[in-house]
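I opened this entry to look up a few local features. I start with how elements are named, then go element by element.

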Amino acid sequence: MSTDSSNYVCVPLNLLPAERKAMEDPNTTPESYAKAAEEEKQKIRERILNKSNQEIIGEDANRAPEDRAMVLLRAIGSDLNINAFALNFRYSDGTLNDDVEEANYLNRRVVEALSVDSPEDDPTKIPFYLTSTEFEHELYGNCAQHFKKRLGLAQDELSLMVLRNVLMTPFPTEGNFIDKMVKIFQEVIEKEVEVCRKRNETKQNHHSFIMQDGSDKVYLVNRSMFHLASRRRQLIASAKLDDKSLKTYQDAKKDKPEETFFLSTQNKEDISATILSDGSFEAVITTKSG
């Protein structure tokens, strides 16, 4: 369903025939493996997707028996009516996310959008339903590791969230059903990918610190926000205020020693670059009570 230009990858648990064949070849390289898989995906797009049963059978009549779409159809997909697959997202520069937890976050948001998970959800407004499971390292071992690799993720020991859909009809190609379902699914994924990108791409942002006393300088304790990459860090840094600001802060602290003081950037900053370059930024000092 996904292509090289998509902002996500959708990987089924079941290997494509071309992938299985490539895995059995000792001379297979990562590049040749990816090429074989993409060529077969393109064949599926051209010969199966958006085709009616009659069109598939009619076009097969002009092909060699081993090259027919029906032969490929029998070799792909699940041997049951439950299909398992997982999603991962690409950053704006096209690189794949390799963090399992962030891939799990994407999969969780997609399944929540396509399921009833709270009393407020209206079942009649959900176009189709997904369920999910987890591939725990202790239970799935090498299977989970290989699936992570195919998704472009780190082969760590974290559990991987996997999505599932259930086939409820033996005639999924009738009535343009697959095409309609894919378009709805793509819209949901692309919307949630933007959420994942926003929380994982490091950009300039506003930052806030708790201030702690020093002699001629203050120490700033970063107020982390782990849902944003630009603020997803634990940091204590020393900072030098201009003389007037330092005196104002020290006087206020002396007057209200129990008060917590905060220093916040006035503009969006790349705080890592600022610290590494011994740079400066404009900020305001506030208290918890305002």
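Helices and strands here are DSSP runs, numbered from the N terminus. The model is predicted.

I looked up Met-168 first. I find Met-168 in the loop between strand E4 (160-166) and helix H7 (177-200). Is Met-168 buried or exposed? Its relative accessibility is 72%, so Met-168 counts as exposed; the cut-off for exposed is over 50%.

**Helix H6.** Next I checked the span of H6, residues 137-151. A straight helix of 15 residues would span 21 Å at 1.5 Å a residue. Between its end C-alpha atoms, H6 spans only 16 Å. Where does H6 bend? I find a bend of about 60° at Cys-143. I also listed buried residues in H6. Among them are Gly-141, Ala-144, Gln-145 and Phe-147. Lys-148, Arg-150 and Leu-151 are buried as well. After H6 comes Gly-152, and its phi is positive, near 85°.

**Arg-47.** Last, I looked up Arg-47, which sits in helix H2 (residues 30-47). Why does Arg-47 count as buried? Its relative accessible area is 17%, and buried means under 20%. A polar atom of the Arg-47 side chain lies 2.7 Å from the backbone oxygen of Asp-67.

How values were computed
Residues numbered from 1 in each chain as written. Predicted model: local features only at pLDDT ≥ 70, side-chain atom pairs only at ≥ 80, totals over all residues. Heavy atoms only, no water. Helix = DSSP H or I, 4+ residues; strand = E, 2+ residues; numbered from the N terminus. Buried < 20%, exposed > 50% of the residue type's maximum accessible area, 1.4 Å probe, protein only. Expected span 1.5 Å × (residues − 1). Bend = angle between axes of the 7 residues up to and from the residue. Polar contact = N/O pair within 3.5 Å; in protein donor to acceptor, adjacent residues only side chain to side chain.
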